[in-house]
Amino acid sequence: MPNTLLNSMRSSNFAFAWMLLLPAMVLLSCFTYFPAFSAFYNSLFATDFSGARHFALQDNLLDLYYDPVFWRALTNNLWYALITVPASMILALVMALWVNEKFLGRSLLRLSFFLPTMLPMVAAANIWMFFYSPNIGLFNRVLAVFGIQGANWLGDPSTALWATMLLAIWKEAGFFMIFYLAALQAIPSELNDAARLEAPGYFYRLRRFILPLLGPTTLFVFINAVIHAFKVVDHLFILTKGGPNNASTLLLYYIYETAFAFFDAGYAAILTMVLLLLLGLCSAIQFALSHKRVHYR
Amino acid sequence: MKLNKYASTLSLLAGLAAAPALAETTELTMYYPISVGGPLTQVVDGMVDEFEAANPDVNVTAIYAGNYDDTRVKALAAINAGEAVQTSVMFSIDMLELQSRGVIRPFNDFVKTEEDQQWLDSFYPALMENGQLDGQTYGIPFQRSTIVMFYNKDAFREAGLDPEKAPTTWAEMADVASKLVKKNGSGETERWGLMVPSTGYPYWMFGAFAKQQGETLMNQAGTEVNFNSPKMVEALQYWRDLGDKYQVMPTGTIEWGTLRQEFLEQNTAMMWHTTGNLTAVMQQASFDVGVAQLPGNVEPGSPTGGGNFYLMNSGSEAEQEAAFRLVKFMTAPERSAQWSIATGYVGISEAAYATADLQDYAKQVPQALVARDQLSVATAELATYDAGRVRRVLDDAIQSTLTGQASAEEALNTAQSQAERLLRRANRG
């Protein structure tokens with residue numbers, strides 16, 4: 001092949017590749033990279049009350065270090081992720097395994113499992129606020145039937161965060177169930193039959209056959225669940241507003257408050273950097289793990 | 001090409017349709033919040049329609065923007081994006097912040113005639129406290145409230161209390177509340193004596209306890225706070241005691257958003273809440289509702305609350321002039337009366353209470369006059385520089401005390417030092 005042809009092929013390939021990448025690149029730069037960099041840039045400055053900006057990275061970092069609400073939000077968020085991620089995933093898997101079987105009323109059950117996902121978070125939170133209400137709430141009324149004195153779920157610092165977690169698990173599990181269900185249905189029936197012949201015990205099959213085949217889905221769901229644990233805070237606006245006394249505040253909610261209720265763009269930007277760093281770290285660890293542990297074939 | 005042709009024909013048609021008005025129409029955009037229940041956007045839209053009918057040269061786009069925080073965020077974001085927002089209803093306590101950021105301008109700029117001046121002077125003085133700075137008026141009262149005590153007269157009768165005599169002192173309130181507590185056979189509380197909400201706006205409720213101790217939470221300039229004086233500690237202690245010591249109120253925090261429902265379902269015999277809820281409570285209650293001024297300790301009183309009209313530094317001078325006319329129209333006695341009847345918010349001027357509408361309404365619903373009567377002992381709502389954060393540290397102190405995480409004194413000392421630090425920073429800037 002003459003050199004020139006090779007060159008032109010190379011360059012046209014090159015151009016073609018860039019053309020294919022362009023739409024995604026433009027969208028990502030506009031809506032992801034640019035805001036991230038601008039948040040980083042903003043985190044270097046502080047705006048005072050006359051509206052003047054000055055360099056204040058050190059001040060911002062010190063504020064962060066000495067800000068008890070920030071540490072509270074961070075620990076809350078770690079607990080929140082630590083509980084809601086596995087809980088909603090396990091629940092999703094169990095529900096998917098259940099509605100993957102053939103039985104009467106299966107569609108109805110599938111629908112009812114998926115229903116919470118279709119409700120907007122804010123609407124769900126508004127309903128749950130009344131569930132949690134200490135005197136008129138559903139939970140305490142049900143508990144009262146069994147003679148148990150219910151708690152002031154949202155008004156007590158020791159239960160408020162748990163109450164928000166429960167709503168999140170209820171809301172997320174149906175969503176993740178869909179992915180598991182799709183993956184379960186994609187398992188070829190001959191494989192299934194073979195497994196059945198080899199190993200009659202259901203739990204043995206589950207452990208050695210179904211779960212490994214669900215590996216890629218589990219990774220996908222896991223990444224999404226972790227991201228959601230840091231990203232979805234809509235319910236806090238309705239349920240607790242981060243209270244009582246910051247007992248249920250989460251990072252992103254605190255960022256919103258700082259930026260829009262306290263007008264402090266600089267500090268909100270540095271909080272955003274912390275969140276970004278945290279999520280970056282999470283995905284790095286996840287991808288590193290996935291190379292070792294997940295079978296894609 | 002063909003598409004282009006279509007588009008130009010369409011725009012021509014649209015132009016023709018709008019042409020008669022287009023020549024001299026001024027376009028106004030206004031954002032407003034609603035933070036109490038009921039179909040109130042219709043009421044605002046109706047008032048705006050009336051204004052447009054009376055002023056054919058002005059076209060107003062009134063945008064309902066959610067709660068107070070949402071409204072401020074959206075209005076400021078629209079202005080930042082280069083859109084004109086000539087006026088908005090926003091939190092009365094945001095004035096210092098908005099003014100220091102240069103996004104609002106005083107109404108005085110447009111007060112030209114004797115009549116304008118009379119309009120500016122027509123509002124209840126208590127409602128102007130959060131709206132004036134250095135002799136200039138930045139906020140005109142619109143949806144303004146005070147805290148009042150709603151109580152269940154049937155429960156009073158049941159407990160052998162005089163339903164026309166609501167408690168007027170702290171001691172009396174604790175006493176009356178304990179008589180109203182009803183327990184079932186297994187010792188669980190079926191009906192509480194009193195609920196004071198402590199989420200959403202705890203600092204506002206605390207402002208009432210503070211006023212009743214004869215003190216205010218901040219100085220007039222909004223540069224200093226008074227959170228931890230002995231009187232304040234005593235006030236917060238009393239609030240906590242209602243749950244802990246007298247056991248007439250649930251411990252922990254009490255949700256602002258569900259409290260009205262709790263009262264309507266008779267889970268509490270008394271509640272402190274905004275008068276903005278009055279109409280909804282009166283309509284939905286299945287029992288005899290009483291409304292009373294808040295009790296006092298050193299003296300009676302309540303902070304005012306709610307939203308003011310602001311003139312934004314946005315749009316042309318002619319547009320702002322039209323916005324000034326709009327605000328004048330919306331705050332005229334007839335509209336104020338109409339708004340007060342629809343919601344329960346206080347009428348903003350004596351003239352509003354002199355209108356036939358409101359006088360008739362007050363005959364049917366005498367409870368509607370309580371908030372007005374309380375205005376004579378009302379004080380400003382907590383408003384400082386860096387207001388969001390300062391409110392927040394006080395909210396945290398209140399909640400940590402009510403939930404038993406800290407003593408009233410510890411919590412308020414912390415809040416005081418945090419607020420002082422915030423305000424020092426604000427002053428330094």
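Me: Is the crossing of α3(A) and α7(A) left-handed or right-handed?
Reply: This is a predicted model, in which local features need pLDDT of at least 70 and side-chain atom pairs count only at pLDDT 80 or more, while totals for chains, interfaces and linings use all residues. Residues are numbered from 1 along each chain as its sequence is written, and chains are lettered from A and ligands numbered from 1 in the order in which they are written. A crossing is left-handed if the near helix is turned anticlockwise from the far one by less than a right angle, and right-handed if clockwise. By that rule, the crossing of α3(A) and α7(A) is right-handed.

Me: What is the orientation of α3(A) to α7(A)?
Reply: Helices here are DSSP runs (H or I, at least four residues), as are strands (E, at least two), numbered from the N terminus. Axes are lines fitted to C-alpha atoms, for helices over the stretch in contact, with angles from 0 to 180 degrees between N-to-C directions. The axes of α3 (residues 68–100) and α7 (residues 160–185) of chain A come within 6 Å and cross at roughly 40 degrees. Angles under 35 degrees count as roughly parallel, over 145 as roughly antiparallel, 65 to 115 as roughly perpendicular and the rest as oblique, so α3(A) is to α7(A) oblique.

Me: How many nonpolar residues are in the contact of α3(A) with α7(A)?
Reply: Two residues are in contact if their C-beta atoms, placed from the backbone, lie within 7 Å. Ala, Val, Leu, Ile, Met, Phe, Trp, Tyr, Cys and Pro count as nonpolar, Asp, Glu, Lys and Arg as charged, and the others, Gly among them, as polar. Five polar residues and one charged residue belong to the contact of α3(A) with α7(A), and the nonpolar count is 21.

Me: At what angle do α9(B) and α10(B) pack, and what class does that make it?
Reply: The axes of α9(B) and α10(B) are 9 Å apart, and the angle is about 120 degrees. That value therefore puts α9(B) against α10(B) in the class oblique.

Me: Which residues of α10(B) make the contact with α9(B)?
Reply: The crossing of these two helices, α9(B) and α10(B), is right-handed. From α9(B), the contact uses F206(B), F209(B) and A210(B); from α10(B), it uses M232(B), A235(B), L236(B), Y238(B) and W239(B).

Me: Is N226(B) buried, partly exposed or exposed?
Reply: N226(B) lies in the loop between α9 (202–212) and α10 (230–244) of chain B. Beyond four places in sequence, N226(B) is in contact with E215(B), T216(B), L217(B), M218(B) and M232(B). A residue is buried if 20 or more other C-beta atoms, placed from the backbone, lie within 10 Å of its own, exposed if 12 or fewer, and partly exposed in between. N226(B) has 16 such atoms within 10 Å, so it is partly exposed.

Me: What separates the C-alpha atoms of T168(B) and G296(B)?
Reply: T168(B) is in the loop between α7 (153–158) and α8 (170–180) of chain B, and its 15 other C-beta atoms within 10 Å make it partly exposed. Outside four places in sequence, T168(B) is in contact with P295(B) and G296(B). T168(B) and G296(B) are 128 residues apart along the chain, yet their C-alpha separation is 6.1 Å.

Me: Is A426(B) buried or exposed?
Reply: A426(B) belongs to helix α19 (residues 408–428) of chain B. There are 21 C-beta neighbours inside 10 Å, so A426(B) is buried.

Me: How far apart are the centres of the two domains of chain B?
Reply: Domain bounds come from an automatic or database domain assignment. Chain B is divided into domain 1 (2–145 + 305–379) and domain 2 (146–304 + 383–428). Taken over C-alpha atoms, their centres are separated by 30 Å.

Me: Which element gives the most to the side of domain 1 of chain B that touches domain 2 of chain B?
Reply: In this contact, 32 residues of domain 1 of chain B meet 28 residues of domain 2 of chain B. With four residues, the element that gives the most to the domain 1 side is α17(B).

Me: How far apart are domain 1 and domain 2 of chain A?
Reply: Chain A is assigned domain 1 (1–42) and domain 2 (59–293). The distance between their C-alpha centres is 35 Å.
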